[in-house]
Amino acid sequence: MYDAVADDYCYLGTTVLKNKLDLTDADELEAFEAEVSDARADEELPAGNLDFAHFKSIHEHLFQDVYDWAGKIRTVRMSKGGSMFCFPENVENQASKLFVELKKDKFLIGLEPETFAKKAAHFLSELNVIHAFREGNGRTQLSFFLLLADHAGYAINLEDLDPDAFLNAMIASFDGDEEPLAAIISGLVRH
Ligand SMILES: Nc1ncnc2c1ncn2[C@@H]1O[C@H](COP(=O)(O)OP(=O)(O)OP(=O)(O)O)[C@@H](O)[C@H]1O
């Protein structure tokens, strides 16, 4: 969870996010959110142009059953484990730039696997620094990565992904070292 802050997204005096079922118990909300977002992830994801609007529509798809703000940029500052993410007023601008870069890079099509892994790691790392949403960033990042990899011609099996190693690599990338993340992605695309 986030460095716990009770903000306007939360029920008064708690760190439980307001939600469509009005669940006020953190564990119940977590279980419900996990179940329905998993089910939504198994459905066909919204089509799009691999741009920021597409990224937001994936978040909306995954979390439509849980939050009114699904698909919408957060309005509060956030940090995790001491990592301070992009200020909300800069999210739109930074994300637009990042997705324009991705397009300029031809969505990473036609690269050697090693180069794809490096560039995808950089993209994911920057996407995580932006952290567009109040919650659900990791799951949206992964879903988008799967679409990007598929579009570039790589079939990724997430069962091969070690969640702890992946989290550590994401944190390392936040701190400026994208190598561990590139190594993990490289392992996923080499089959
Ligand atoms: N200390 C940290 N510094 C930088 N990034 C972090 C840190 N801790 C977690 N992350 C990244 O934040 C993202 C998770 O964000 P968030 O909790 O909004 O997503 P989620 O989908 O709700 O959770 P999860 O990805 O854990 O299922 C992941 O990409 C994760 O790697």
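1. Helices (H or I, at least four residues) and strands (E, at least two) are DSSP runs, numbered from the N terminus. Ser83 lies in one such run, strand S2 (residues 83-84). Ser83 has a relative accessible area of 12% and is therefore buried; here buried means under 20% relative accessible area, exposed over 50%, and partly exposed in between, with a 1.4 Å probe and protein chains only. Not counting residues up to four places away in sequence, Ser83 touches Met78 and Phe174, where contact means heavy atoms within 4.5 Å.

2. On the basis of the description: this is a predicted model, in which local features need pLDDT of at least 70 and side-chain atom pairs count only at pLDDT 80 or more, while totals for chains, interfaces and linings use all residues. Residues are numbered from 1 along each chain as its sequence is written, and side-chain values use heavy atoms, with hydrogens and water left out.

3. The next points concern helix packing. Two packed helices are described by the angle between their axes and the distance between the axes. Axes are lines fitted to C-alpha atoms, for helices over the stretch in contact, and angles run from 0 to 180 degrees between N-to-C directions. Angles under 35 degrees count as roughly parallel, over 145 as roughly antiparallel, 65 to 115 as roughly perpendicular and the rest as oblique.

4. Helix H1 (residues 26-42) packs against helix H2 (residues 52-63) at an angle of about 125°, and their axes are 7 Å apart. H1 is therefore oblique to H2. On the H1 side the contact is formed by Glu33, Val36, Ser37, Arg40 and Ala41, and on the H2 side by His61, Leu62 and Phe63. These contact residues comprise four nonpolar, two polar and two charged. In this classification Ala, Val, Leu, Ile, Met, Phe, Trp, Tyr, Cys and Pro count as nonpolar, Asp, Glu, Lys and Arg as charged, and the others, Gly among them, as polar.

5. For H3 and H4 the angle is about 170°, with the axes 10 Å apart. H3 is therefore roughly antiparallel to H4. Val91, Gln94, Ala95, Leu98, Phe99 and Leu102 of H3 meet Phe123, Glu126, Leu127 and Ile130 of H4. The contact of H3 with H4 contains eight nonpolar residues, one polar and one charged.

6. Which residues have the most contacts inside the largest nonpolar core? They are Phe116 and Ile185, in a core of 58 residues. A nonpolar core is a set of buried Ala, Val, Leu, Ile, Met, Phe, Trp, Tyr and Cys residues joined through side-chain atoms within 4.5 Å. Two or more residues come from each of H1, H2, helix H3 (88-104), helix H4 (113-130), helix H5 (137-151), helix H6 (163-174) and helix H7 (179-189). The greatest contribution to this core, eight residues, is made by H4. Leaving aside neighbours within four places in sequence, Phe116 is in contact with Leu108, Leu111, Phe145, Ala149, Ala152, Tyr154, Ile185 and Val189.

7. Arg74 belongs to the loop between H2 and strand S1 (79-80). With a relative accessible area of 2%, Arg74 is buried. Its contacts, leaving aside neighbours within four places in sequence, include Tyr9, Phe85, Cys86, His131 and Arg134. Arg74 and Glu135 are 61 residues apart along the chain, and their C-alpha atoms are separated by 8.6 Å.

8. The loop between H4 and H5 holds Gly136. Gly136 is buried, at 5% relative accessibility, and touches His59 and Phe63, not counting residues up to four places away in sequence. From Gly136 to Glu126 there are 10 residues in sequence and 16 Å in space, C-alpha to C-alpha. His131 is also found in the loop between H4 and H5; its relative accessibility is 4%, so His131 counts as buried. Although not a glycine, His131 has a positive phi, near 50°.

9. Is Lys106 buried or exposed? Lys106 is exposed, because its relative accessible area is 59%. Lys106 sits in the loop between H3 and H4 and has a positive phi of about 55° although it is not a glycine.

10. How many disulfides are there? The count is zero, a disulfide being a pair of cysteine sulfur atoms within 2.5 Å. The sulfur of Cys10 has its closest cysteine sulfur in Cys86, 20 Å away, which is too far for a bond. Cys10 is buried at 3% relative accessibility, and Cys86 is buried with a relative accessible area of 13%.
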